[in-house]
Amino acid sequence: MVSLTIIKRNFKLERNKERIAFLIILVCLFLFLISAYSKIEDHERFSGGLSHVKVIGTYATLISWMVPIAEIGVSLLLIIPKTHKWGLYGFVSLMLVFTAYILSMLFLEEKLPCHCNLIIEKLSWTAHLWFNMGFIVLALCALWLTKKQNF
């Protein structure tokens with residue numbers, strides 16, 4: 001009887017971990033899909049903002065298409081159940097790149113052009129940095145929660 005209770009408790013715990021990880025995946029998916037849509041919908045603004053950045057200005061057009069394509073690609077991995085983990089790895093990787101970009105902007109640029117979207121556009125660059133780090137932690141938590149599962 002005791003072992004049955006332990007099995008039930010473990011099953012419930014695993015189910016809760018799975019649900020929390022799935023909610024995090026949905027939040028990450030939502031962030032990237034909205035972000036990609038916004039960058040494509042107002043592509044001129046996004047590309048123009050990138051063109052003002054000294055370090056990447058010459059590659060602005062290429063980057064302005066590669067970023068939303070990468071976000072959509074990661075989103076597809078997050079949507080497909082068998083590729084959730086790959087999607088989370090891709091999400092963390094892209095967010096690390098975006099975070100490195102923000103850090104480089106803070107250190108290298110005198111004038112900080114903003115070409116973000118939605119709510120993020122209203123954040124300061126430092127707040128944006130914290131926002132990104134928060135999402136990185138969330139995605140890492142989802143990876144940790146699913147480490148033993150084929151989820």
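Visitor: Are helices H4 and H5 roughly parallel or roughly antiparallel to each other?

Guide: Start with the angle between axes (lines fitted to C-alpha atoms, for helices over the stretch in contact, with angles from 0 to 180 degrees between N-to-C directions). Angles under 35 degrees count as roughly parallel, over 145 as roughly antiparallel, 65 to 115 as roughly perpendicular and the rest as oblique. Here the axes of H4 and H5 cross at roughly 160° and come within 9 Å. H4 and H5 are therefore roughly antiparallel to each other. Helices are DSSP runs of H or I with at least four residues, numbered from the N terminus.

Visitor: What should I know about the model itself?

Guide: This is a predicted model, in which local features need pLDDT of at least 70 and side-chain atom pairs count only at pLDDT 80 or more, while totals for chains, interfaces and linings use all residues. Residues are numbered from 1 along each chain as its sequence is written, and side-chain values use heavy atoms, with hydrogens and water left out.

Visitor: Is the crossing of H4 and H5 left-handed or right-handed?

Guide: A crossing is left-handed if the near helix is turned anticlockwise from the far one by less than a right angle, and right-handed if clockwise. The crossing of H4 and H5 is left-handed. H3 also passes H4 in a left-handed crossing.

Visitor: At what angle do H3 and H4 pack?

Guide: The angle for H3 and H4 is about 150°, with the axes 7 Å apart. H3 and H4 are therefore roughly antiparallel to each other. Residues that make the contact (heavy atoms within 4.5 Å) include Val67, Ala70 and Glu71 of H3, and Trp86, Phe91 and Phe98 of H4.

Visitor: How do I read H2 and H3, and at what angle do their axes cross?

Guide: Helix H2 covers residues 43-51 and helix H3 residues 60-79; their axes come within 8 Å and cross at roughly 125°. H2 and H3 are therefore oblique to each other. The crossing of H2 past H3 is right-handed. Among the residues in this contact are His43 and Phe46 of H2, and Trp65 and Pro68 of H3.

Visitor: How many aromatic pairs does the structure hold?

Guide: Rings of Phe, Tyr and Trp (its six-membered ring) pair if their centres lie within 6.5 Å; planes under 30 degrees apart count as stacked, over 60 as edge-to-face and the rest as tilted. The structure holds six aromatic pairs. In one of them, the ring centres of phenylalanine 91 and phenylalanine 135 are 6.3 Å apart and the planes are at 55°, so the pair is tilted. Phenylalanine 91 belongs to helix H4 (residues 84-108) and phenylalanine 135 to helix H5 (residues 125-145), so this pair links distant parts of the chain, 44 residues apart. Ring pairs also join Phe32, Phe91, Phe98, Phe131 and Phe135 into a cluster.

Visitor: Is phenylalanine 91 buried or exposed?

Guide: Buried means under 20% relative accessible area, exposed over 50% and partly exposed in between (1.4 Å probe, protein chains only). Phenylalanine 91 has 0% relative accessibility and counts as buried. Phenylalanine 135 is buried too, at 12%. Leucine 103, in helix H4, is partly exposed at 35%.

Visitor: Which residues does leucine 145 contact, leaving aside its neighbours within four places in sequence?

Guide: Those residues are Lys17, Ile20 and Ala21. Leucine 145 lies in helix H5 and is buried, with a relative accessible area of 13%. Between leucine 145 and glutamate 18 there are 127 residues in sequence but 7.1 Å in space, C-alpha to C-alpha.

Conventions: Helix = DSSP H or I, 4+ residues; strand = E, 2+ residues; numbered from the N terminus.
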